[in-house]
Amino acid sequence: MNYADLFRATLPETVLEVAALLVLLVDLGLLRKAALKTRVASAAWIGIAGCGVAWWAVYAAGHAGFSVGSELLLAGGRIAGVAQVGILVLTAVTLLLLVGAEFTRNAGEYVAVVLMAAAGGLIIAAAQDLLVIFVGLELLSLGLYILTAFAKKSAKSAEASIKYYLFGGMSAAFLLFGFSYFYGLSGTTSLAGIRDAIARSGPSPLLDVAWILVVAGLGFKIAAVPFHLWAPDTYEGAPAPAAAFIASVSKVASFALLLTIGSSWLPPQKSFDLRASELARQLHQYNPAWAHLALILLIVAAASMLVGNLAALAQVSVRRLLAYSAVAHAGYMLLGVATVPHYSIHVEGSAVVFQIPGNMGGSANAVLYYILTYGLTAIGAFGVVDVVERATGSDRLDSFLGLHKRNPHLAAVLLVLFLSLAGIPPLVGFWAKFNLFAAVLHADAGPVSLSLVALAIAMSAVSLYYYLQVLKRAYVMPAADETPIHAHPATLATLLLIALAVVLMGVFPAVLQGWIASFGA
Amino acid sequence: MLAWTIYISFAGAVLEVLLPKGKNALARWLALAIATAGLAIGVAGFIAGMGQGHVEIVNAAWVPSMGVHYLLAADGISRVLVLLTGIAAVAGVLFSWNIELRTNQFFAFFFALIGGVYGVFLSFDLFLLFVFYEIAIVPKYFLIAIWGSTRREYAAMKLALYSFVGSAMVLIGLLVAYTASGSHSTALADLAHAGLPVSTQMWVFPLVFTGFAILAGMWPLHTWAPTGHVAAPTAASMLLAGVVMKLGAYGCLRVAIALFPHGLDRWGFAYLGIGSWRDVFALLAVIGIIYGALVALAQSDFKFVIGYSSVSHMGFVLLGLMTLNQIGLDGAVLQMFSHGVIAGLLFAIVGRIVYDRTHTRQLAELETMHLARRLPFAAWAFVIAAVASMGLPGFSGFVAELQVLIGSWSTNPLWTAGAGIGIIVGVAYTWRALQMAFFSDVVPGAHVIEQEQAHTFAAITWPEVTGVALRAGVSLVVGLYPRILLDSIEPAVKALLAGGVQ
């Protein structure tokens with residue numbers, strides 16, 4: 001074990017931790033007597049600067065990752081790199097929204113916890129070993145429980161946090177139980193080692209039990225049905241910047257983990273020698289073992305799309321509506337996750353070459369594209385809800401009445417973000433969906449995935465209804481109260497930038513796609 | 001050059017949003033300028049394109065890794081429909097002259113819709129076409145929900161959801177066609193030459209055709225149309241009937257029929273004389289023609305009469321498409337243009353000229369108002385529009401419907417017979433509405449005349465006269481000299497038929 005390597009590979013995490021300490025130092029030391037506004041702003045800006053430096057550190061850490069002996073613990077590049085940069089950017093955006101927030105007097109602590117949770121996210125995104133995965137997940141989750149409870153004067157916030165914590169603790173137990181089965185089956189905690197062991201021994205009922213336990217654990221993190229029950233309460237009760245963080249950063253990290261697990265089932269080498277006797281088994285045994293998990297994922301995906309979209313129809317609280325829509329979006333993305341380890345084979349000379357289908361790195365990149373853009377849109381949506389909620393005292397649909405008169409900019413942001421979530425072109429949400437579904441169909445055009453894609457598209461038609469319910473109140477129905485709503489200039493500027501990004505990324509989808517692909521396939 | 005119709009419209013939408021509040025007159029004149037510029041470009045492009053076939057306008061790689069192109073082009077069909085859109089936009093602005101509520105926002109949504117429509121007609125990449133098609137959905141919702149009348153929120157939501165469900169069906173077809181052809185390109189020409197398996201085409205064709213036909217008002221998925229038309233503000237119902245329904249029909253032709261021609265092949269078995277998707281959709285079209293006409297005959301609301309007449313007339317377009325022969329398809333495209341002009345005129349007279357003065361659309365109430373005497377301009381404009389709508393010679397509807405009937409006769413005379421019944425009922429409902437609304441024979445008593453003289457209606461304004469003259473004139477010119485459009489349509493249809501259909 002080489003500590004210099006470890007330091008290099010964990011440079012981004014280190015930067016975030018240092019920034020967290022710096023925030024505490026400045027807030028509790030230097031600015032103890034300063035006004036709350038100054039303290040919030042300085043804490044947020046130090047946090048944002050930390051994220052910026054950590055972004056640089058992701059590139060500095062390079063693609064090598066970190067291994068002990070032959071066992072890879074932390075990966076670099078590809079999924080890890082994209083997800084890590086995504087986590088940093090989205091964390092910085094949620095911190096920008098904090099600048100105008102007033103829910104807490106402990107700004108330094110809040111930002112420090114955010115940065116530490118984000119560091120947990122970075123670890124998850126790169127983890128290649130069950131123990132590292134678990135450490136990262138706990139680091140992230142514990143941060144999220146605290147963030148949820150951060151509005152100390154709000155009973156709802158405390159309630160949301162305790163619910164989140166209880167569900168989270170239980171799902172962590174499931175996950176750990178599942179991991180212990182994997183260890184029992186394979187004698188190793190490394191993802192690659194587990195894959196090789198299972199490829200040798202073939203699928204077994206015990207493996208299915210392990211998969212189900214793991215899906216239960218991770219399904220909680222991404223709020224997939226039937227592990228989604230915490231989401232509406234948490235989204236409703238948590239302070240808005242914390243809810244935005246849960247809806248974006250935590251999702252990115254968890255999906256990156258799912259993608260890492262999926263990718264570990266791709267053949268370890270790009271090509272095999274045709275004369276190798278083990279080849280036949282290699283070809284045939286990776287996919288069947290994965291197919292069981294894929295089936296579980298597809299069932300969860302279909303359930304999430306149906307339950308999420310249908311339950312959202314009945315919501316009167318916009319935060320709960322966003323929670324159920326998040327469930328639905330998790331369902332769409334799980335379709336992509338289930339097809340990650342699909343590959344095509346062709347023979348070149350005496351070698352069999354594996355290729356990921358599609359021109360852009362297959363489903364994994366499509367899911368990354370989706371989760372990054374979805375995360376950004378969700379942050380913006382929570383930002384708008386927060387401003388409206390602070391002005392009207394409620395996040396009910398009716399508090400959006402006449403928003404276009406009360407604050408036209410905010411209404412325009414809401415229009416762009418919600419239409420993007422519904423998947424209306426030329427906004428980025430549409431392109432993300434198209435890209436994802438095309439990748440899924442390209443990997444597997446069988447009747448099962450075709451009908452699931454059809455279900456997903458039909459369900460996004462359903463989703464337009466509830467997004468329009470909010471927009472209808474903002475633009476169509478008469479206002480009950482026409483006093484203008486003022487947003488903090490920093491908040492408004494952030495929201496407008498998010499909306500602009502959603503439009504621009506939708507009009508020029510190739511830019512982000514090319515950037516993701518630049519991390520290598 | 002034609003591509004500028006799209007850019008000008010979207011730029012216009014942005015400009016209108018940025019206008020300061022309260023500058024309603026400025027917003028109107030700006031809107032008229034933008035719409036006229038669009039029409040001028042459309043006319044110039046149409047004239048420049050005469051005698052030319054398929055012309056590529058812009059072809060840039062949009063998402064190179066996935067083969068998505070920003071490919072704008074025009075053939076005769078596109079040019080005719082762009083021309084129609086230009087006319088509809090100018091007339092729509094003229095008949096929205098009295099909008100006082102959130103005027104700049106109204107025109108912003110209006111031009112976002114118009115831009116999307118121009119885009120659909122000029123896109124030759126399926127992905128791009130789909131993007132424009134969906135861009136057109138959202139503005140419709142807001143136009144109806146904010147500025148509409150009768151049950152506007154219900155109608156707007158119904159229209160938005162019907163459109164979105166239709167486009168979801170199209171999206172599935174798009175994804176299947178794209179992946180089945182190897183995910184190389186979404187250009188229409190490449191997809192058409194991809195050689196999709198017949199078994200795939202057999203199920204994708206009805207899916208995509210139905211998806212588009214929802215917007216074309218195909219029975220029994222037409223129910224958004226009458227409620228939507230009635231609830232919409234006049235300009236929006238003119239656009240709905242005038243161009244939006246054509247988007248659906250155009251998609252059926254350009255995408256469903258051109259990309260999945262084998263979906264129209266015979267199934268190999270027949271039940272009750274129906275042996276292919278072609279028979280199914282032709283039957284639905286004929287039912288739509290007769291059903292729409294019969295329901296229009298029974299309406300008490302003037303605008304509903306026109307709304308259902310649109311369903312009936314669009315049935316001719318769908319029937320023309322299903323003939324799959326030169327003359328039938330020519331007729332279908334010409335009927336798109338003709339109905340776009342005439343239905344817009346009818347909605348303008350009913351929704352703007354009459355309703356804004358009488359504040360009722362109930363035929364029973366209009367019957368007591370002696371409108372022929374009090375609003376002679378409206379009465380005579382409606383007579384012209386009604387004659388055109390009934391399909392009398394000399395107006396565009398006659399040429400179009402005649403061609404559809406000839407085309408369908410050579411395919412299946414039973415279809416022609418059904419459509420013929422629809423024409424006769426069409427005369428009946430138009431005549432009934434005309435008589436009840438304007439020429440009632442209730443003799444007014446002396447005191448009624450006094451009363452009416454005391455309450456004169458507002459004078460007819462210049463935008464109304466211009467708008468009516470524009471539309472009636474276009475219908476008359478095309479009716480008297482249909483070659484002006486047919487010369488463009490025929491080669492395009494021929495190329496389309498040669499490109500795969502039978």
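How many residues does the contact take from chain A and from chain B? In this predicted model, 27 residues come from chain A and 25 residues from chain B.

**Figure 1. Chain A side of the contact with chain B.** Three elements of chain A, namely α17 (428–443), α18 (447–475) and α20 (509–517), each give two or more residues to the side that touches chain B. Of these, α18(A) provides the largest share, with 11 residues.

**Figure 2. Residue classes on the side of chain A that touches chain B.** This side of chain A, within a contact that takes 27 residues from the chain, comprises 21 nonpolar residues, five polar residues and one charged residue.

**Figure 3. Fold and dimensions of chain A.** Chain A contains 20 helices and five strands. Its radius of gyration is 22 Å, close to the 24 Å that the globule rule gives for 521 residues, and chain A is therefore as compact as a globular protein of that length. The C-alpha trace of chain A spans about 75 × 50 × 40 Å along its principal axes.

**Figure 4. Burial and contacts within chain A.** Of the 521 residues in chain A, 60% are buried. Where contacts in chain A link residues at least 6 apart in sequence, 81% of them join residues at least 24 apart.

**Figure 5. Confidence of the prediction.** For the complex, the predictor gives an ipTM of 0.88 and a pTM of 0.91. Chain B has a mean pLDDT of 86, and 98% of the residues of chain B reach 70 or more.

Technical notes. Residues numbered from 1 in each chain as written. Chains lettered and ligands numbered in written order. Predicted model: local features only at pLDDT ≥ 70, side-chain atom pairs only at ≥ 80, totals over all residues. pLDDT = per-residue confidence, 0-100. Helix = DSSP H or I, 4+ residues; strand = E, 2+ residues; numbered from the N terminus. Rg over C-alpha atoms; globule rule 2.2 N^0.38 Å. Buried ≥ 20, exposed ≤ 12 C-beta atoms within 10 Å, placed from the backbone. Contact = placed C-beta atoms within 7 Å. Nonpolar A, V, L, I, M, F, W, Y, C, P; charged D, E, K, R; others polar.
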